[in-house]
Structures are given as C-alpha cells and as structure tokens.
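Dear colleague,

I am handing over the structure below, and after it you will find what I found in it. Please read the notes with the structure open beside them.

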Amino acid sequence: MALILIVEDESIIRSALTRLLQHNGYAVAEADSVDRALEVAEQSKPDLIISDLRLPGRPGTDLIQATDTPVLIMTSYASLRSAVDSMKLGAVDYIAKPFDHDEMLASIKSILDRRPAKPSPPKLEAENASARADIKDLMFGECTEMLKLFDLIGKVSPTDTTVLIQGESGTGKELAARALHMLSRRREGALICVNCAAIPETLIESELFGHEKGAFTGAVGARSGLIEAADGGTLFLDEIGELPLEAQARLLRVLQEGEIRRVGSTQSKRVDVRLIAATHRNLKAMTKVGEFREDLFYRLNVMQLRIPPLRDREDDVIGLAKMLLTKMGERMDKPNLKFDKDALTLIRRYQWPGNVREMENAVERAVILSDSDHIGKDLLAIDLEGELDIPEGMLSMDNPANSKGADKGTDLSLEDYFQHFVLENQDTMSETELARKLGISRKSLWERRQRLGIPRTKKSAK
Ligand SMILES: Nc1ncnc2c1ncn2[C@@H]1O[C@H](COP(=O)(O)OP(=O)(O)OP(=O)(O)O)[C@@H](O)[C@H]1O
C-alpha cells in the first residue's frame, strides 16, 4: 500500500484529502508545515508528498530539494506563473485548488505508476540473502515455490508474528517451524514442539497449560505446562485442528493477554511466547461447523505459510532424493552410493503421498539394504500402482497374514495390513516402534487408529 504524506496547514482541507485518499486505498501521513513534513518523511519514507505551495514558514516547493520523494504541489493561486515555477523546481505535478477528486486521484496514480520500484536497502538485502542461506542449511528446496517459501520465512522469522503453516503430512511443517525459530531473535530460547493429535484429549490442557495440585484426579503435585516451558522462545503446535474447544479457549486467552493460567489455578502468569501452528486440515471450514473457534482462527492466521506436497515439486524430487542419499550414506558409512537410472525414473514418476518423510524412509531403507554402491529401483520398494509397498523383511518377519499362510501381500489391503500389524504388535511395541516399523509418523499412526477405531493399549500408549 502506497503511503502519501499530505502537507497542508488548513486542517479542513487536510482531513478532507486524507479521507479521500484513505477511501481509495492509500495510507496517509499528515504534516502542517515543511519542517514537520521533513521529520515525518524521514521516519515514514512516503511514496509521494502532496504539499500546499503556501505554508507558514517555508513554501511547499522547499520539500522538492530536501527529499528524494516526488512532490505534487497544490495551490489556490492557480496561476500559470506558480505552476511553471513549481515544475521548474522539480515538482512532479501541479494541481489547482479547489481540486477535482478524480483529477487528484488520476494525478496520484500516474505519479505512483511512474516511480521506479523502491530498491531495498542494501543491508536488508544482505540480511535476506544470509537468511536464505541459513534456511537452505536446514531445508532442501530449489523449485520456485520453495524459494518463495524460504524468502517468506526469512522475512517473517525476525518478527513475533503468529504463523500458521499448512501442508500435507510429511511436507516439512515442523522443519519450517524450526527454521522460523532458528532465524528469530528467540533462537537462544526454547523451541517446544507439541503434536496436539498425539496427546489424549483428557490430558492436553494440563500438558499445555500446566496444573495445580489436586486440579483433577491424579494431579498429585503442581506442574508447569509446555507453554511455560516455551517462555522466551517459540511454541510449535502441530495439528492444531485437533485441539479440543476448551483448550482452544485457553490458548486464545494466552494469545490475547500474554498470560497463562494453570488448570485449577486462579492466578495468571505472564508468558512471552511466539506461537507457530500447523495443520493439514482446513481450519476455516472447521470454524463453519463449530469445530474450531473463529476468533482463534483469525488470531492464528496472521501469516500463512503453505508447504507444497512433493508431487507438486517436480523440480525438487531428484535433488531431494540425492541429498537424502548422501546424508544417509554418510550416516551409515556408505559414502559413494548412487541411484541407478531406473531408480531415478521411479523417483520422478512416483507421487510420494507421504511426502518428504516417505522419501526419507524409502532412501534409508534402500541404504540399509544396499550391498553395492548402486541403488536400483527394487531397493526403493516403491509401488507405482498403489501407495506403500510392504517391505519384504517386514512381511516375512512381522506380517501376521504371513504367519497365517496368506500369499505374500496378495488380497491384503493396506488397511488390513495396518490393522493386523498394530493389533498383533501393540502389546510388545511402543507407539514409536510401531510407527517406525510401519514407515509412518506417530501422528499418521494416531490418525489411522482413529479412522479404523483401534484404541491404544497400555504398552503402546507409553
Ligand atoms: N525441505 C526439506 N528438506 C530436507 N528434509 C525435509 C524437508 N522437508 C521435510 N524434511 C524431512 O522430512 C521429515 C518430515 O518433516 P516434518 O516432520 O517437518 O513434516 P510435517 O509436515 O511436520 O509432518 P507431520 O504433519 O506428519 O507432522 C523430517 O525428517 C524432515 O527432516
């Protein structure tokens, strides 16, 4: 939005012009003299100055030499002489009072359209460039969408603005939150990441806000919550769409008042926390059906970052896969690994429904299983027809269908496989182990449990 500085000593004319400009989408600053105008211009760097010619003290034309900003002169002394003088002095245009509204707006538009794009101050450009470099240490991305995202992260991170990150599971929402924290002035403070979907509803309020002794059955002592732990730092709430309505109300209070009240307490405590939230759900649609508070949604939605799914990052897939191969290879002491041509074709054609996480898992599996420096398509275990290909090893070792003598993988839907695997192993494996074996995140495991109605047992809940 362009900012226009109006310099006029007659307050009635000044406020009438202010209203006209504001109604037409301009931001306005005001001054009643040349000296005051110079101070305001110094602070607010307007795009245009509209100044009366005759002002107390010094004439409006003095502004022309004193600033780099274009100056449009207006005067009630509509004579050819003053018009010519003003233009000679370097005014960009001249308008006679009383002016016609349309004529004034047309003149402003033509001046603003002509102005060269404002060069960014060199320092800022250098800062942005180094911010981009830092993000690139954390996140891979070379396609246009990702470069735009990195730019936005670079711009938003130094502010304390609440950020809402949207993207499918595994696209890198948590990584983006980490980048925002690392590039912020809060980087020395804590980054607390909470997956709202992974905490049972009954516990979420006390986990986030803390509780007093005796606040509920089992609250044997007072405990601070995760928001307090993020004081001076950043709180990342993943899957915020899963936050129950009561917890949403509490969170809203924290955002509005900067204060936290533990469950069961009447005392508030000030906290200085920057909130970053993420979701793969459409929060706006959720507000329409009463599942998400509208006021909280607007509080969160100040700045939105969208991370594209991997299938839309055509220019990135190969680079990302190679980067992951190098990383995993180094980690597992296999530094010379390379993808074969058929593997690269497969990587390019596959849709990667589980996004970067799925690719990471596929590459890690391939690196573990590789006997030479060549990674062929078989090692990637990707099924182009369907989604996840059940790894050989897992079928023979763990798949209950296998032990019942079923044909390897045939007639076994992924849902069946998932259900069998979880039911069979959840008494002996933790939730993290189950997720790792299945090649999915803890959150996806939780989501599938919800969808298929498989409650957690005591062991897996740990
Ligand atoms: N651009 C990227 N460059 C390198 N690694 C990435 C990138 N994006 C994601 N990853 C990696 O992919 C995995 C998944 O990323 P992350 O957990 O940030 O995704 P998410 O969107 O938060 O997933 P979920 O919604 O399931 O929690 C992580 O191991 C992360 O390091």
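Glu 239 sits in the loop between strand E8 (234-238) and helix H11 (245-257), where helices (H or I, at least four residues) and strands (E, at least two) are DSSP runs numbered from the N terminus. Its phi is near 50°, which is a positive value in a residue other than glycine. Glu 239 is buried because 22 other C-beta atoms lie within 10 Å; a residue is called buried if 20 or more other C-beta atoms lie within 10 Å of its own, exposed if 12 or fewer, and partly exposed in between, with C-beta atoms placed from the backbone.

Before going on, please keep in mind that this is a predicted model, in which local features need pLDDT of at least 70 and side-chain atom pairs count only at pLDDT 80 or more, while totals for chains, interfaces and linings use all residues. Residues are numbered from 1 along each chain as its sequence is written.

Asp 333 also has a positive phi, of about 60°, although it is not a glycine, and it is found in the loop between helix H14 (317-331) and strand E13 (338-339). Is Asp 333 buried or exposed? With 6 C-beta neighbours inside 10 Å, Asp 333 counts as exposed.

As for the protein as a whole, it has 23 helices and 14 strands, and 31% of its 462 residues count as buried. Among contacts between residues at least 6 apart in sequence, 65% join residues at least 24 apart, two residues being in contact if their C-beta atoms, placed from the backbone, lie within 7 Å.

In helix H2 (residues 34-44), Val 34, Ala 37 and Ala 41 are buried. These residues cover an arc of only 50° around the axis, which puts them on the same side of H2; the arc is that of the directions from the helix axis to the C-beta atoms. An α-helix has 3.6 residues a turn, so residues three or four places apart point the same way. The buried residues of H2 pack against strand E1 (3-7), strand E2 (27-31), strand E3 (48-52) and helix H3 (62-66), whereas the face turned away from the buried side carries the exposed residues Glu 39, Glu 42 and Gln 43. Just after H2, Lys 45 takes a positive phi of about 45°.

In helix H21 (residues 431-438), the buried residues are Glu 431, Leu 434, Ala 435 and Leu 438. Seen down the axis of H21, they fall within an arc of 95°, so they line one face of the helix.

Asp 52 counts as buried because it has 23 C-beta neighbours inside 10 Å. Not counting residues up to four places away in sequence, Asp 52 touches Val 7, Glu 8, Asp 9, Gly 60, Met 74 and Thr 75.

Pro 70 lies in the loop between H3 and strand E4 (71-75) and, with 19 C-beta neighbours inside 10 Å, counts as partly exposed. Leaving aside its neighbours within four places in sequence, Pro 70 is in contact with Leu 48, Val 92, Ile 111 and Arg 115.

Finally, there is the ligand. Of the 18 residues around the ligand, Phe 140, Gly 172, Lys 173, Glu 174 and Val 356 come nearest, a residue being near a molecule or strand if its C-beta atom, placed from the backbone, lies within 6 Å of it. The elements that give two or more residues to this shell are helix H8 (173-182) and helix H16 (355-369). The shell divides into four nonpolar, eight polar and six charged residues, where Ala, Val, Leu, Ile, Met, Phe, Trp, Tyr, Cys and Pro count as nonpolar, Asp, Glu, Lys and Arg as charged, and the others, Gly among them, as polar. At least three residues of the shell come from each of domain 2 (123-306) and domain 3 (310-380), with domain bounds taken from an automatic or database domain assignment.
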